[in-house]
Amino acid sequence: MAMEPIDIGLAVTGGLLVLVVLGMRVAFAAGLAGMIGLIWIFWAKKGYAGEDFGWALTVAVKTAGQVPHSKVSSQALSLIPTFIMIGYLAYYAGLTRALFEAAKRWIAWVPGGLAVSTVFATAGFAAVSGASVATSAVFARIAIPEMLKIGYDKKFAAGVVAAGGTLASLIPPSAILVIYAIIVEQDVGKLLLAGFLPGMFSALVYALLIVGLALTIKGFGPPVGGFTWRERFVSLPPALPILFVVVTIIFFVYNPFGGDAWGTPTEGGAIGAFVVFLMALYRGMRWTELKDALLETAKLSVMIFTIIWGVLIYVRFLGFADLPGAFADWITGLSMSPMLILVCILLAYAVLGMFMDAIGMLLLTLPVVYPAVMALNGGEFVSAADSTFGMSGPMCAIWFGILVVKMAEFCLITPPIGLNCFVVAGVRDDLSVQDVFKGVTPFFIADGVTIALLVAFPAIVLWLPGQV
């Protein structure tokens, strides 16, 4: 007896989760599961006749082969390598050290000041870097030695850098936000704008946590003083190029003077990368440094695109199995309140993130979860007045996008595969991965508070894109 497509979808998805838990890379696990699922569905349509297996295999291969090219050739995805390149070029241009020095001179006088300075410096660097991994790697080299000099616990110092690096997932330009926008077919520019306030709000919550710990634990994080007003103002000009790049990108994504945008997000990202490149040349970047920046950009971009290719094959299979529609119907049929269902979905992301990387997790789950959340709110085209969560369909898509990307941030520091923690440990020979995981533990509380406030007060997310 032939299985129904939905049953095949559940079986293949279960197999995919087993492969991921066993340690297979998400890209290869998703591609393999998607291929098996497509063959299974097409063969089942023929009643599992032996002579039709070759036909099912041929159709599945053709279907899977068309997906990566048709989707990855999207112009919007070209934002990802340009955003990543901006971050690496900024590092080799010396902008990161200048940013950290400025933050230290202006903020380090507060309790836990050097750690707070690190958080705001990572937030500033996140504004020119689309990759959390790059942010963590850069500040592991710059900020941790400074904190160790004045007596910070090395575990907590590493935790500050790993947690601060996650801010690059929300603060534009963000590669993960671009991927989300493409998956759910929403406006990239509005999503990038929507990430700015929640990203800065998250940085503020981190800073308040550090100050609170410094006030309650003796010798936890001694303040750093002694900087004159002249020294503070002198530190600003070297850090201003960061602001210039951010303004350049925002002006292309969203014209603040009204009227049509000056260009597309893709053009804004390319111009931002070119501006940072010129700054790097002006600051004396040599060929070796440029080559390293380009190689690191290529490595990270290839990793992301490989995940996208593999997962898109699985997503095409899900469409044939109609699993997204079935899941949406099941979610909307539950007797629980919609807000409680949303909270449960976010908690499920927290658990799933312990076993998967952030990009793979979003790519695998959003094709199923996103339609369900939209259905909970009343549909993709519902008005704010008729909606469940008090916002229109497009605004709900933006709000949910920021929530799941914030959950992806959370997953970057959760054991056992918190990627930022591995990066920090890899950069510092004196730190083990276990040390870094212990150091980020307090930031779990901060992230929980941030997510709860973003759920309770959607205006934090929606105010800025609502001005467009």
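Colleagues, please keep in mind that the model is predicted. I shall begin with the aromatic rings. A pair of aromatic rings is described by the distance of the centres and the angle of the planes. With centres required to lie within 6.5 Å, the count comes to 15 aromatic pairs.

Consider F156 and F443. Their ring centres are 5.9 Å apart and their planes meet at 20 degrees, so this pair is stacked; the cut-off for stacking is under 30 degrees. F156 belongs to helix α8, residues 154–165, and F443 to helix α21, residues 433–456, so the pair ties together parts that are 287 residues apart in sequence. Are these two residues buried or exposed? Both F156 and F443 are buried.

The next pair is Y180 with Y370. Here the centres are 6.5 Å apart and the planes stand at 85 degrees, so the arrangement is edge-to-face. This pair, too, links distant parts of the chain: Y180 is in helix α9, residues 175–184, while Y370 is in helix α18, residues 358–377, and the two are 190 residues apart. Y180 is buried, with a relative accessible area of 0%. Y370 has a relative accessibility of 5% and therefore also counts as buried, the limit being under 20%.

Ring pairs also build a cluster, made up of F42, W55 and F320. Elsewhere, R232 lies over the face of W229, and its distance from the ring centre is 4.7 Å.

Let me turn to the surface. Which residues form a nonpolar patch there? They are M336, M339, L340, V343 and L347, and together they have about 410 Å² of accessible area. Of these, M339 is found in helix α17, residues 338–352. Its relative accessibility is 34%, so M339 counts as partly exposed.

Key: Residues are numbered from 1 along each chain as its sequence is written. This is a predicted model: local features need pLDDT of at least 70, side-chain atom pairs count only at pLDDT 80 or more; totals for chains, interfaces and linings use all residues. Side-chain values use heavy atoms; hydrogens and water are left out. Rings of Phe, Tyr and Trp (its six-membered ring) pair if their centres lie within 6.5 Å; planes under 30 degrees apart count as stacked, over 60 as edge-to-face and the rest as tilted. Helices (H or I, at least four residues) and strands (E, at least two) are DSSP runs, numbered from the N terminus. Buried means under 20% relative accessible area, exposed over 50%, partly exposed in between (1.4 Å probe, protein chains only). A charge sits over a ring if NZ of Lys or CZ of Arg is within 6 Å of the ring centre and within 35 degrees of the ring normal. Patches are made of residues with over 30% relative accessible area and no salt bridge: like charges are joined within 9 Å, nonpolar side chains (Val, Leu, Ile, Met, Phe, Trp, Tyr) within 5 Å. Accessible areas come from the Shrake-Rupley method with a 1.4 Å probe; for residues, only the protein chains shown count as cover. A salt bridge is a side-chain nitrogen of Lys or Arg within 4 Å of a carboxyl oxygen of Asp or Glu.
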